[in-house]
Amino acid sequence: MQQDEMAQLLTDLRGARDFEAAAAATLRRLQAVAQEAVASSRYAARGRVLRGIVHLRPGEAYRSLAALEVGAAEIADASVGTPFFTSATAWRAVVEHRCAVSIDVNVGTVQPHAPNAPVTGDPSLAGFNSHESRQRFLGRHATHVCVLPLRTPGGDIEGMISLEADCLAAMGQDFVWLDAGDRLQLLADVAAPYLTRLPQRPVARPEVDEFLPVVGRSMAELLPILRVFALQDETILISGATGAGKSRLARWCHERSNRRGKPFETLDLVTVPEDLQMAELFGWKKGAFTGAVRDAPGSVARAEGGTLFIDEIDKLSLKAQAGLLHLLESRSYRPLGEGTGERQADVRFIIGTNADLHAEVRAGRFREDLYYRVNVLPVRMPALQERQDEIPLWAQYMVNRRHRERSPDGHARLMKEAERLLVGSPWPGNLRQLDNIVRRAYTLAMVEHAGATGELVLHEKHVARALDYEQAPGARPLPEALRAAAQAFVAEARRRNAPLDLDLADAFRGMVLGLAIRQVGRDEGFKLLGRESLVKNRNHHKALKRELEKVDSLYKALGEENSPFSDLLSEVDAV
């Protein structure tokens, strides 16, 4: 029987072209096995399998979700949100025990499917990471949950599959999960390489708005998950580099939540000294400390009924971490200097960080219990360098916004050559850095445009000069920048779990040449880089083509259709 199940699943998986198709095939097979186990058990008349969900979260951040209700023909639409649910309790148990686990929701126990493994949790529901998690399971009529790890061939856990069932008669008793566990896990192991490696189905171009005015390919893949998360009331953890747009994404989630129209409050811990963090969070009463001349509400009180975005959570002191943990667990807090009693907090939390919180836990700088409280719905905000298709769109948006402030009826635009120069530049400062460059280029264009009428145009020379200012004294030394590029190359090879041909590193020469040509022209670019003899002998066209083809090969190896210099390559081919 098991061989037939695996053979059928493998046939379906080999025909799958995307993650969603593989998830549907896997969930149907798992549900069939689970339903068969219920039908042959003493709970046949009183138990039923409800749904299955595939959760992909490599590197501790969600990448994909797929839910299938029993009897449904297709994977559920993520924009609806109803069938989708994530549980920090389930994920933590799977990662800690590295095996399948059974959860009895009513009793609050978590039982690993491993010999002699202890059952955790008790009737006080200490086994759950949050009261909200248990309530949401019960609201979905899920009394028993089986959670299967998605393990890669190397043993890493990159996700999980949760199967939900309704059987009140089995409360406090072994359900069917242990009996069917081996069959279920074997099917999950067969499906794991397909689920973790197949691409997501292309999504329709999402609507943009004032909170997220630009959405490229990477963000379009992330938004369906965020729509699901936005509708839940549990904590969202947004990780990503400084300046990548975490606060903008937090506001986007708030506007798509059930709390839209209510307050949205931001607390950036980088700007708050450690000794004032508790006061900024919880507020204070007059006389609570030196300088407290009047009562003041904290961020939690100002966000009442709405959302509080706490950015740079890794900067929170251990003392303030204890206070935040109490708030997340009890939904209550006490302002500094308030005598007795606590205030209730009706607040949804979104947390931002650019640090590896798990590493901070290991280093003793971040509480492990708080880590699991905030790491409920984790997503990673890609750096701008990973969203190169967005760079021209963001730049144009920034230009338009700035020009409307000066001239509401005027028009401004970026030339294609200027956009290509931006795309080919590194952005360690992400959107914040891009905004600075655009502001500088806009000012340079305005100086030339002074007194003129008509459309304001930002040319390549304006962007080039703006970028030159960025490379002023104090910028990263060349050897350090080259080392960073080498680290990025090795990191990409490790991320792919497949060889990345070292010869592709030769693309660096083509990138240097391409950028030089963008900034000073073709002949001058060759002279700038010590290849004047090629220009004199008229051999520089062949040399340029050879170098740009290496850049093109690198981008194709990384799954990109075009390199930033594809237009230059086309021009050379036409010569």
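So, how many disulfides does the count come to? A quick word on the ground rules before I answer. This is a predicted model, so local features need pLDDT of at least 70 and side-chain atom pairs count only at pLDDT 80 or more, while totals for chains, interfaces and linings use all residues. Residues are numbered from 1 along each chain as its sequence is written, and side-chain values use heavy atoms, with hydrogens and water left out.

Okay, the count: zero disulfides, where a disulfide is a pair of cysteine sulfur atoms within 2.5 Å. Take Cys 146: its nearest cysteine sulfur belongs to Cys 99 and sits 10 Å away. For Cys 167, the closest cysteine sulfur is in Cys 146, at 14 Å, and that's too far for a bond. Cys 146 has 0% relative accessibility, so it counts as buried, and Cys 167, also at 0%, is buried too. Buried here means under 20% relative accessible area, with a 1.4 Å probe and protein chains only.

Now the helices, which are DSSP runs of H or I, at least four residues, numbered from the N terminus. H13 (residues 391-406) packs against H15 (residues 430-449) at about 50°, axes 10 Å apart; those axes are lines fitted to C-alpha atoms over the stretch in contact, and angles run from 0 to 180 degrees between N-to-C directions. That makes H13 oblique to H15, oblique being whatever is left after under 35 degrees (roughly parallel), over 145 (roughly antiparallel) and 65 to 115 (roughly perpendicular).

Methods
Buried < 20%, exposed > 50% of the residue type's maximum accessible area, 1.4 Å probe, protein only. Helix = DSSP H or I, 4+ residues; strand = E, 2+ residues; numbered from the N terminus.
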